[in-house]
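Open the model in your viewer and keep the sequence beside it. This tour names what to select at each stop and says what is there.

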Amino acid sequence: MNHAAQDPSAKPLGGWRVLVPRGGPWGDGVAASLRRQGATPVIAPLINFAPTRDHETLEKALADLAAGAFRWLTVTSATTVDVLYAYRATIPASTKVAAVGETTSAALQAVGYKVDLVPERDNSAAGMAEQLIGLEPEPVDILTLRSEIAKPVLTRSLSDAGHRVRSVVAYRTVGVPVADRIARDVESGRINAILVTSGSVAEQVHAQFPHIPDTTVIAAIGPRTARDARRAGLAVDVVADTQTVDALIAAVATFSLPHAADEFAPQTGVIRLPGAGREV
């Protein structure tokens, strides 16, 4: 992968085509940020949510949520936000909302929901549980919405601390086949960078794009996502040091287009993987 310093007077991603792996309000927001940096975003949703197999339990939980039955609602993925939005869920002012990271927080705010807590240090279910337990020394009612395959880390930790937790499956994650044109653009190198925002996205990138050129930048939104991506079989070029869209785009901007030059210019704000090239 070639690297080069960017002209500070130019938009850092001028000429780039960047694959955005999620649609909806979040994808639109990322696309707008990329355009401001000079890039051409290619929105190609790789995952979607399938309805839970237990609609009755989810609908009862959301009705209780609207009625103010919970002190906290925990949201551990942007896909959960899609479910809340699809169901037109009401979150009353009396219920606080905890988002696992900045990506999920941004997705919540993009569709009009408030966010009261994002873990300060550890953007994970364990980190969220630790901070919630510190904020709530007395038992409270908490609704945790999760995917069908999610490990019950959050529910178990909160329950062990004495809280009354209702854990409800909100969705099943399914892959979305991309258009043949986009698959060809990835294989040919016409897509210059692919944003990887979750383990589920990483699995779909690996499955749907089996021949990604070495010149294509694979950018992970945080260390946890990078680990999941490597486990899925992806080679990761760069990892944003904070779990935000801005940090992810800044990470991509530390690279130049392959034909620009072959000189590497390190910048701040990213975690560079060790070694001269990619690591899997």
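Begin with the lining of the second largest pocket, whose residues divide into 10 nonpolar, 3 polar and 2 charged. Here Ala, Val, Leu, Ile, Met, Phe, Trp, Tyr, Cys and Pro count as nonpolar, Asp, Glu, Lys and Arg as charged, and the others, Gly among them, as polar.

Before going further, note that this is a predicted model: local features need pLDDT of at least 70, side-chain atom pairs count only at pLDDT 80 or more, and totals for chains, interfaces and linings use all residues. Residues are numbered from 1 along each chain as its sequence is written, and side-chain values use heavy atoms, with hydrogens and water left out.

**Stop 1: the second largest pocket**

Select Arg 22, Gly 23, Gly 24, Pro 25 and Asp 82; of the 15 residues that line the second largest pocket, these are the closest to its centre. A pocket is defined on a 1 Å grid over the protein atoms alone, as an open set of points where a 1.4 Å probe fits, with protein on both sides within 12 Å along at least five of seven lines; lining residues have an atom within 4 Å of a point. Helix H1 (24–36), strand E3 (47–51) and H3 each give two or more residues to this lining. Helices (H or I, at least four residues) and strands (E, at least two) are DSSP runs, numbered from the N terminus. H3 provides the largest share, 4 residues. The volume of this second largest pocket is about 230 Å³; a volume is the space filled by probe spheres set on the points, and grid points are joined across faces, edges and corners.

**Stop 2: the largest pocket**

How much space lies in the largest pocket? The value is about 1,300 Å³. To find its centre, select Thr 76, Ala 150, Gly 199, Arg 224 and Asp 228, the closest to that point of the 47 residues in the lining. Next colour the elements that give two or more residues to the lining; among them are helix H4 (102–110), helix H5 (125–135), helix H6 (153–160) and helix H8 (199–208). The largest share, 7 residues, comes from H9. By type, the lining of the largest pocket has 16 nonpolar, 20 polar and 11 charged residues.

**Stop 3: the sheet**

Five of them form an open sheet in the order E3-E7-E6-E4-E5, with mixed pairing; two strands pair if DSSP finds at least two bridges between them. At the edges are E3 and strand E5 (96–99), each pairing on one side only. From one strand to the next the twist averages 30°, using axes that are lines fitted to C-alpha atoms and angles that run from 0 to 180 degrees between N-to-C directions.

Now go through the pairs:

- E6 and E7 run parallel and are joined by 7 bridges; here Ile 142 is opposite Val 165 in E7.
- Strand E4 (residues 72–75) pairs with E6 in the parallel sense over 4 bridges, and Val 75 has Leu 145 in E6 as its bridge partner.

**Stop 4**

Buried means under 20% relative accessible area, exposed over 50%, and partly exposed in between (1.4 Å probe, protein chains only).

Which residues of H10 are buried? They are Val 245, Ala 247, Leu 248, Ile 249, Ala 251 and Val 252. Helix H10 (residues 245–252) is thus mostly covered, with 6 of its 8 residues buried.

**Stop 5: the loop between H3 and E5**

Select Arg 88, which lies in the loop between H3 and E5. Arg 88 is not a glycine, yet has a positive phi of about 50°. Most residues other than glycine have a negative phi. Arg 88 is exposed, at 57% relative accessible area.

Pro 92 is in the loop between H3 and E5 too, but is buried, at 15%. Draw a distance from its C-alpha to that of Gly 68: the two are 24 residues apart along the chain and separated by 6.1 Å.
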